[in-house]
Amino acid sequence: MAPLKNLETEYPIIDSNFQNFCASHGIFSVEDFLIHDLYMLAAFAEQNVSSERLKEGITQILSIIDDMHQPWLNGMELLEDAKRNKHFLPTGIQGVDLLLGGGIRVGQLTELVGPSASGKTQVCLQTASNVARNYMMLYLDTGNSFSPQRIAYFLGKTNELASAQAKNQILQKVMSNILCHSVFDIFAMFDVLHQLESNLRCQERGGGCRIRLLIVDSISLLIAPVLGGTSTRGRALMASAGYLLKKLAHQHNLAVLVINHTVGSEGGTSKPALGDSWKSIPHSRLLLSCDRGSNVYNVSILKHPSMASGKAARFVI
Amino acid sequence: MGSKAWLVEDESAREMLDRVLTERPFLLLPPLHRVPLRVGNIVEIVGPSPSAKTHILIQAAITCILPRQWKGVNYGGLGHLAMFLDLDCRFDISRFSDLLNHRIMEAANGSSSEVDCQIKESEAQNATTKPYNEELFASCMRRFLYIRCYDSSEFLATLKTLHYRLQKERETHGVNVHVLLIDSIGAFHWIDRGSSSFSLEGDTRKSLHLQSVTETVVQEIRKLLLVHPMLVMATKAAVLGNRYSMNDSKRNYRTWSAKDNLHSRNVTSSDQQVPYREYMPAVWQSLITHRILVRTTDADFVNGEHQNVSTYLSEWLLPPLNSVDKFIVRDVRKHSCFAVFKKKNQISTLSFSCI
């Protein structure tokens with residue numbers, strides 16, 4: 001919220017006279033203009049001595065405000081961007097890839113929900129090992145569940161016929177493509193994500209190998225401690241985290257996969273944690289469960305932008 | 001339209017009515033077709049997540065951007081611009097283009113049976129099916145204007161500069177924006193509530209919290225509608241609760257408790273006692289002229305096909321109508337239609353309309 005006088009060097013029309021006029025109406029920064037009625041302000045400016053200059057100043061402010069929002073796009077431009085950038089990242093699990101029409105969608109926030117020991121981390125690790133063959137990825141680990149041995153195991157399974165040297169090469173490449181951070185509270189996650197955002201913005205101009213996948217295992221462990229009670233701060237933090245993830249996904253062409261756990265609900269059934277306010281944040285929600293005593297998993301769609309909920313698939317890891 | 005006179009000289013009342021009805025026609029947008037809508041109306045589509053709220057907006061946008069008639073084929077649209085303010089940031093353009101393509105094909109084929117509307121399966125991954133009619137498709141897509149807002153500041157900045165944007169688009173395209181779609185209006189509710197509301201530097205300075213943001217939004221929309229008459233449709237995600245789950249939530253799960261929900265007000269619909277929790281401030285509620293409630297239902301859809309079908313119920317709350325409509329949304333890649341069924345007092349009559 002920079003004060004208005006910082007703009008004076010760049011826009012000389014915003015001189016001290018203009019700043020005083022604004023201050024008399026309780027406006028000290030550009031953000032304050034957003035909640036004031038600009039037409040009323042212009043009407044007040046009319047009564048002032050230097051009305052023309054003041055109105056020019058208001059017009060200048062409006063063009064600054066015009067830079068404060070995202071650009072307007074039409075349908076064709078959106079479609080072009082989707083075709084060029086928003087591909088699918090295959091997870092390597094056939095059942096999941098078929099169900100989702102190719103894999104996890106770049107530009108979207110996908111949520112994987114399941115009770116404990118339902119294979120959520122396994123799906124994450126398998127996806128990580130598959131995507132890291134070709135792209136870099138960032139794994140945010142909240143519960144020390146990241147396991148390099150497991151990644152090596154998944155790679156070994158899919159490359160059974162390759163020579164030992166080739167296997168080793170692939171393993172080296174995959175391991176160097178995975179960036180793993182441990183975060184134990186939501187503020188640490190915000191730190192990492194903001195750092196990622198500024199890195200990606202720099203990289204965009206310079207080119208180079210970019211991150212394609214972001215996994216947060218699990219976001220519910222970060223958010224659940226701040227939710228609850230009478231304060232609304234927890235839900236505000238949760239919504240902000242969701243929007244930051246969606247912004248990263250869309251503007252920097254990442255696929256984002258977050259893990260959520262389940263809690264009990266009335267009637268003894270279980271439902272996803274984090275509540276109703278979180279429900280409308282992810283693009284897709286998938287429910288994962290494991291057949292007891294076997295390694296056969298079920299995944300079904302709870303919500304998807306273009307598919308009916310209830311569609312399911314089975315797979316083995 | 002713009003600055004044409006409200007009254008033209010030497011015009012009879014009948015002529016004036018004809019003129020107004022042509023320039024500002026009533027729209028019947030399924031599944032909202034029970035109540036005709038026109039510019040100046042502000043419709044709120046309430047429902048839990050997920051219900052078909054965004055789908056309804058998309059269908060309204062497609063109706064707006066399709067031309068009335070093109071190369072001899074009647075498309076039944078308005079040929080105007082549609083603006084979409086995406087506050088949820090979940091809009092999927094590939095789905096939009098599939099639906100638009102499907103409607104173009106349907107109108108071109110003329111018939112409404114499912115057999116004629118088969119589209120070939122889309123190719124792997126991100127490929128969208130080749131548009132049936134590229135030129136028309138492209139011109140329609142260009143009439144769809146989209147913007148994302150990641151927080152309230154961006155939303156307010158968009159609204160403040162919308163007047164100039166509307167003028168500019170009118171000059172570029174030669175037609176007006178007829179519908180303004182907002183998805184969804186309560187998106188930043190918790191973020192705004194969480195931001196500090198104590199006043200800074202004395203009492204003269206307002207800060208960006210829920211009440212001031214909502215007041216400004218309402219003010220800007222009102223002013224815009226004076227100069228650019230549009231139909232405004234906004235979705236709102238709301239928590240539905242019948243009496244059981246509301247008591248339960250207060251007892252067991254503190255994460256759901258909304259004891260400090262100062263703006264809650266239970267709205268009961270007439271036949272099924274399904275309240276929803278209102279959370280938007282009163283200033284927004286006073287702006288709304290129409291309100292419809294949509295929700296999913298687990299009721300079986302008896303038509304022989306069980307795949308890819310989601311069933312929804314819709315109910316008008318404002319103006320309160322005494323009926324519940326049932327509609328289904330089918331995956332347009334496999335099937336073709338968005339069928340609406342009327343259900344009144346246990347007698348269901350099947351009315352099949354493909355859009």
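Nine nonpolar, four polar and one charged residues: that is the lining of the second largest cavity, by class. Nonpolar here covers Ala, Val, Leu, Ile, Met, Phe, Trp, Tyr, Cys and Pro; charged covers Asp, Glu, Lys and Arg; the others, Gly among them, are polar.

A quick note on the model. It is predicted, so to speak of local features we need pLDDT of at least 70, and side-chain atom pairs count only at pLDDT 80 or more, while totals for chains, interfaces and linings use all residues. Residues are numbered from 1 along each chain as its sequence is written, chains are lettered from A in the order in which they are written, and side-chain values use heavy atoms, without hydrogens and water.

What is a cavity? On a 1 Å grid over the protein atoms alone, it is a set of points where a 1.4 Å probe fits but cannot get out; lining residues have an atom within 4 Å of a point.

Back to the second largest cavity. About 130 Å³ of space lies in it. Its lining has 14 residues, and Ile185(B), Asp192(B), Val213(B), Thr214(B) and Met280(B) lie nearest the centre. Helix α8(B) gives the largest share, four residues.

How many cavities of 30 Å³ or more does the search find? Eight, over the whole structure. Of its 16 lining residues, the closest to the centre are Lys86(A), His250(A), Phe91(B), Asp92(B) and Ile93(B). Here α5(A) gives the most, three residues. By class, this lining has six nonpolar, five polar and five charged residues.

Technical notes:
On a 1 Å grid over the protein atoms alone, a cavity is a set of points where a 1.4 Å probe fits but cannot get out, and a pocket is an open set with protein on both sides within 12 Å along at least five of seven lines; lining residues have an atom within 4 Å of a point. Grid points are joined across faces, edges and corners, and a volume is the space filled by probe spheres set on the points. Helices (H or I, at least four residues) and strands (E, at least two) are DSSP runs, numbered from the N terminus.
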